Structure formats: C-alpha cells, structure tokens
Amino acid sequence: MALAGKMKPFPLAQTGEGIKECELVQWFVSEGDSIEAFDRICEIQSDKATVEITSSMSGIVRKVHFEEGAVVQVGETLVTIETSDDDEDDDDGAEPAAPAAPAAAASDEWTEADEDDSPHKILTSPAVRALAREHQLDLRRVVATGPKGRVTKGDVMAYLDSLQASGPTTVAAEVTEGLRTTEAENIPAQSRPQMTPAPVSPQAPPPAAARTHESTTVPLRGYRKAMVKSMSVAATIPHFHFCEEVQMDGLIQMREILRSDPALAGIKLTYMPFFIKAAALALAEFPSVNASLAADQSAVTQHGAKNIGVAVATPHGLAVPNIKNVEQKSIPEIASELNRLQAAAASNQLRPEDIKGGTFTLSNIGTVGGTYATPLVNPPESAIMALGKLQRVPRFEGPSSMTVRATSILNISLGADHRVVDGATLAGFAQAWKRYVEQPGRFLLELR
C-alpha cells in the first residue's frame, strides 16, 4: 500500500504526572502494518501502571524505533507513520489560529497563538480541541510533545490512556491462587488448604559441578523502581512503631459462617475485607492517622476518603493498589474489589487510578511467615499496618483466671510518621481496630 504521504513521528507522550520514562512491554504493530486512528500501537509500563498506547492518526507504520523491553524516554519517537496528504489532524503543518472564544464560552476554550508562550495559551489544532471537548478534558493538564509545545492528538490520547488504562482482565484461577500476595487468606497452617507450587521446567537441573555462580544485574523497572523511590523517601521519615496482639476467634467463627453464603455470589471472602473495613472505621475515629504532611511541612491534610492500600507481591515487583472510599463499601463490596485488584496485579494490568490516592496501607506479612515487623510508611501516607501470621497459642481465659485455652492470635505492627501521628494516637487507632476485629458484631453498628 503506497500513500505517497507524509512521514510523521509518533512520540511517547507523558502517561502520568512525574513520569519521564517507560518500559516498552509489547508491540501490537509491525513495520508495514496499516493502522487507523485509535488502534493499539504498544503497551508500556511506568513505575505506576501499565498503559496501552493508541494511535492518533491513520496510515502505515514505516519504522519501529525500539525493541520490546527497551526503556523509552518521554518525547522519543516510538514509530514513524506514513499518513496521507489529506490527514485531517496535521499537527506538524501550519494552521490558522482559532477564533477568539466568546465571553460566555466554557473555561476550557483556550486561545491558540503561534508564538505566544504565555502559560495561559494552549497551542494545538481545532481537531484536538474538539477531541478534548468530547472527553471534557482540560488541555492544561496534557503534556505537549509537538513542535513549539503544540498539544497533538497523540498527547491527548496518551493522557486519556493514563486515566483509563486497560481494565482488569480475567485470569485463570490458578494464577490468582498461586500468586503470593499480601491479601492472601491467612489462616492457621493446620487448616489451610495446600497450594500447588507453580509448575517448573521438566528439564532436570544441571549437576552441581556444572552450575555457574556468576553475578546477575537486574535493571530496576516498573514497580521495583517505584519501590526504590518510595522507600528512599520513607527512609527520611522519623518513624514510631507500635505492636499488639489480637484474638481472632470471633472473626474466624463469623467468616466461617459467611464464606459460603449465597449472597456473596461466588466472591472469595478472606479475612482481609474485615481488616480493611475495620481500618476504615478506626481511621474515622482517629483522622490524624489518615493524613498526609505537606511537602513544605507547613500543614497536615486529614483525608475524608479512606482509601486503603494493600501491599501485593507480584512477579513484577511490589505494588500497592488501594480500594477507594472503603467507608462507603460493604464487606462483600470490599472483597469483590480486592479480588479485582489481585487479578489485575497478577496479570500486570493495574490501572493508574488503582495505584494513586491511597491514604493508609495494610501489609500482610503473615503469608510468608513472621509475627512482628517494623513497616515503613508508603509516602505520602502517614501510617501503615503489618499483619503477622495467625497462630494457635495458649492463653489464660481472663485476667484473674487460671484456665488456659487454645486461642487464635494475630500479631500486628504499626508504623507511623512521628511528625504527624503521636504515639498515643497510633496506639488508640490500634486499639480501635482491635475492638472491631475481636468483636466483629460491632460491624453491625456501622450498617447504613
């Protein structure tokens, strides 16, 4: 197919705030392929999420500039596309300035000026403005990669992709079950179903004498790179830690009754939805724990929404997606959203909005063993809770009782930014959370 048209570069636009580079995960096109506007070009992964990039133009892919696995800087050309001369979105060509908007026009109708570098001007084409209006998009939020700071259709589509990245895909149950995640069901070993280990290569390992012990260098990308950045910031925060043990017998009994209830409609009900709901209720009692310190340390924002993050260990690194507005959700709704995030994490399909906006984090270290920890907060949050493994241990029945009985105990460890949360407040939050877990009937008082 010969177009005899123009060769136009298609650059990588910024897919989110602060993103400077992305890893190219896979191509959906090859050189010589014909594509239409909005067709998928490639899938990229930043340190925040995985995003599918779609084309802003129609034509033929003449050159693919990167191999899969390459790290691409924002603004670098992904592919060169040959377009027809009558491409209606010729962002590289000169266009007449758009007429001045009338006084009653919407606030997002910005005036175009070829040479004006005022921060109140947006340089783009009428077609791109129409696309922005269609999606009710403020062009000021879009990072421009075109000549002289022009906002191209590709920039707009990349921004929309960052807001509406590919949704969660259904993965096989064995993938979800086999993934070691921190929201995995945490029950005593003697009653926990045995999990089948991931299949390994049938090829026998080489003899010990033939094995090499060479060092391997693994580049930091995606979630692993994000963890380096996050924990580097966390290391500068003065932490206060608090530990406690929680009796789980009441919650174990309640969950056993509810887990097969038809109302769950097949939703997997672990202990984590109860822990998450208890955290939201306790945060309502102690709002300073659900807070963030301003960058200049001049103010503290106490968040109204309880967006509870759950640390998830994936093959791609540690991710911390969060469940939004937990205070407005029921236990089944929390369980459903938790299952969705788990499946999305397993298939590396977490969306940007799944990662952003967390206000408090739970990390279930008990799935890999261990009782107590010293967790570091997930900036800009101010507190985190680590859940140890559930144990069956002897305990006296009461303060003055000499009777010992087997009790299910969960150890918890909390870490907080001591600039925002004082020790008494963190202890009070822990006790409030403990009351809901030890006496799960209290959840009934929060029904709407």
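**Two helices and two residues**

Author: This is a predicted model. In it, Phe275, Ala278, Ala279, Leu281, Ala282, Leu283 and Glu285 of α6 meet Phe429, Ala432, Trp433, Arg435, Tyr436 and Val437 of α9.

Reader: How many of those are nonpolar, polar or charged in the contact of α6 with α9?
Author: There are 11 nonpolar residues, no polar ones and 2 charged ones.

Reader: At what angle do α6 and α9 pack?
Author: The angle is about 135°, and the axes are 8 Å apart. So α6 is oblique to α9. Their crossing is right-handed.

Reader: Okay, Lys434 next. Which helix is it in?
Author: Lys434 sits in α9, which covers residues 423-438.

Reader: Is Lys434 buried or exposed, and why?
Author: Lys434 is buried, because its relative accessible area is 15% and buried means under 20%.

Reader: What does its side chain reach?
Author: The side chain of Lys434 reaches the backbone oxygen of Glu245 at 3.4 Å. Leaving out residues up to four places away in sequence, Lys434 touches Glu244, Glu245 and Val246.

Reader: New topic. Where is Asn290?
Author: Asn290 is in the loop between α6 and β10.

Reader: Buried or exposed, that Asn290?
Author: Asn290 is buried, with a relative accessible area of 0%.

Reader: And which backbone oxygen does the Asn290 side chain reach?
Author: That of Ala305, at 3.0 Å. Beyond four places in sequence, the contacts of Asn290 include Leu283, Thr301, His303, Thr359 and Phe360.

Key:
Residues are numbered from 1 along each chain as its sequence is written. This is a predicted model: local features need pLDDT of at least 70, side-chain atom pairs count only at pLDDT 80 or more; totals for chains, interfaces and linings use all residues. Side-chain values use heavy atoms; hydrogens and water are left out. Helices (H or I, at least four residues) and strands (E, at least two) are DSSP runs, numbered from the N terminus. Buried means under 20% relative accessible area, exposed over 50%, partly exposed in between (1.4 Å probe, protein chains only). A polar contact is a pair of N or O atoms within 3.5 Å; within protein, one must be able to donate a hydrogen and the other to accept it, and residues adjacent in sequence count only if both atoms are side-chain atoms. Contact means heavy atoms within 4.5 Å. Axes are lines fitted to C-alpha atoms, for helices over the stretch in contact, and angles run from 0 to 180 degrees between N-to-C directions. Angles under 35 degrees count as roughly parallel, over 145 as roughly antiparallel, 65 to 115 as roughly perpendicular and the rest as oblique. A crossing is left-handed if the near helix is turned anticlockwise from the far one by less than a right angle, and right-handed if clockwise. Ala, Val, Leu, Ile, Met, Phe, Trp, Tyr, Cys and Pro count as nonpolar, Asp, Glu, Lys and Arg as charged, and the others, Gly among them, as polar.
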